[in-house]
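Take a brisk walk through this model. Start with a pair of helices, then turn to the cavities.

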Amino acid sequence: MNYSTIKKTAVAASLVAALGFADVAQAQTVFGGRSQYRTWSIGVQGGITTPNALIGGNNAFGQKVGYFQNKVGEYYGLTVRKQFSHLFGLEVEGNRGKIKTFNHAESGPAVENKGGAKSAETEVNWAASLNGVFQLGTIDFLRRENSVNFYAKVGLGVMAYNPVQYANNDFTGTVVYDNKGKVGEAVFGDREYKGDRDYRLGMYVPVGVGAKFKLSEVVALNLGYTMNFTDEALLYGPSRQGTSKQRFSNVYGGLEFTLGSRDKQNLTFANPVATMYDELKDPSLRNEVEALKQRVSTLEGTVNALNTDSDGDGVSDKFDKEPNSPAGAVVDGSGRQIKFPEPVANEFTSSNGYVAPIQFEFDSSVLKTQSYATLDKVAKEVRDNNSSVTLDGYASAEGSEAYNVSLSKDRANAVKQYLVNAGVASSKITANGYGEANPVASNATEEGRVQNRRVEIKK
C-alpha cells in the first residue's frame, strides 16, 4: 500500500469514526470510485463462423436434421469497452468476415431455381453492435491479482451483408444467386425501381460467453463464443423456409489492451472482496487503525469533559468560574451568579416572590429558554387577578443611543408577545423601551453590561 492510500484511509476513518460509522468509512475506502481504476480498453480479435448455434434448430438453407455444418468462415474485428463497475461494462464491437453453409448430399438442393443451389457464402461487409458485458466471476478471488475472469454479453447490432449461392456444395461452379449491386431493387404497381447497393442491412442480437486471462497489467487474452440471432430471412439467400429468421455463431480469440496509468488497478479484474481482504491484512493499515482508535478515545474523553455541568447553570465545568451556583440562578458567560438589586415597591412580585428581570444576550431580543418558567408564572398571576403589567426594556451602553432604544423596545415586545401567547390580553400589557437609561450596574464591565440587558416587569 502506498502513502497516498494510507493517507486517504486515515482521513476517511477519522471523520466517520467520530460519528460512530467506522465500518462505513472502511467500505468507502475499499470500494472507492472509478477514478482509482483503469476502465477503458480496446481489443482485437479473430476467429471462425458457423451457420448454426448451440441451442439447435435447422439452417434454412437446407442441411439435414442432425447434421453439423462443417464449413467455417473467417471473422475478425475489434472492441472498445468502458467498465462501469467490477460487474458490468458497455462495449462497442465491430466485425467483418464470411459465413458459409452447404447442402449435405443426402438432403438435396435447398432452392430449386436456376438449376438449384448447393452452397452459399455470405459476405459480412461490416457488423457493429453495442453490448452489455456482465462479469460472472474470477478465479483466485481471495488474491488481489486475479488471473481469470468469466463473462457473458448481450447486445443489439446492425450488419451489412450479401449472400452468394453456388450450384455445387464446395462454393464453386455456377453462381445461381448474387444480388450484389442490385440491393434495393423493387416493384411497386407499374413502377420498377432499380437497386444499386452492394449490401443488405439487417439487425441482429449477439448473445455470448467468454473468459479473459490476465497476461500482464496491460494485456489480457480474450476467448469467447457468440450466437448471433438475426432478423433476416435472406442471410444465406432464398431458401425453402421463406421468412424464417436465420442465425450464425462465431468463436474467437484475441488480445485486450487496458488503457491508462499502470499505477491504477484494472477494474475488469478488480474484486472488492479480495481488496478488502488484502487491506485488512496490511500491517501498516492496522497500525493506522489502532492509532485512530486512540485518537477517537481521547476525543470522546474531551467531549465528555466539555459536557459536564455540575451545577446545571448551562456553563461547562471546564469554563465555569463559579461551579456551585444555586439552582435557578442567573449567571454570566463565565458561570458567575449575577446579583440583582432588591425590588422596589412597584416591581412585580408573584406568589413565589420577587420576579427578577428577564435577561438577553448581547445585541439580541430573542428570549432565553430559561426565562419561560418565570414568564409562565407572571402570565398566570395576571390572568388570575385580572391585573395589568408594565414591561420596561433596557440595553447596555454599546452602540448608538437610538439603536439601543429600538433594541430595548424589541426586548420588551418579545416579552409581551410571550405573555399574550400565554393567555394575557394585549390590552393588559404596556411595553416600553428606554435604551441605555437607568442602568442597574456599571457599563464599564462585562458583568455590569450583562445585568443591563434586561426587561423589568412591573405592576
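H5 passes H6 in a right-handed crossing (the near helix is turned clockwise from the far one by less than a right angle). The model is predicted: local features need pLDDT of at least 70, side-chain atom pairs pLDDT 80 or more, while totals for chains, interfaces and linings use all residues. Residues are numbered from 1 along each chain, and side-chain values use heavy atoms, without hydrogens or water.

H5 spans residues 372–385 and H6 residues 401–421; their axes lie 9 Å apart, at an angle of about 60 degrees. Axes are lines fitted to C-alpha atoms over the stretch in contact, with angles from 0 to 180 degrees between N-to-C directions. H5 brings Tyr372, Leu375, Asp376, Val378 and Ala379 to the contact, and H6 brings Val415, Tyr418 and Leu419 (heavy atoms within 4.5 Å). Seven of these residues are nonpolar, none is polar and one is charged.

Now the cavities. The structure holds four of 30 Å³ or more. A cavity is a set of points on a 1 Å grid where a 1.4 Å probe fits but cannot get out; lining residues have an atom within 4 Å of a point. Among those lining the largest cavity are Arg81, Glu91, Lys153 and Lys212.

How values were computed. Helix = DSSP H or I, 4+ residues; strand = E, 2+ residues; numbered from the N terminus. Nonpolar A, V, L, I, M, F, W, Y, C, P; charged D, E, K, R; others polar. 1 Å grid on protein atoms, 1.4 Å probe; cavity = no way out; pocket = protein on both sides within 12 Å on 5 of 7 lines; lining within 4 Å. Points joined across faces, edges and corners; volume = space filled by probe spheres on them.
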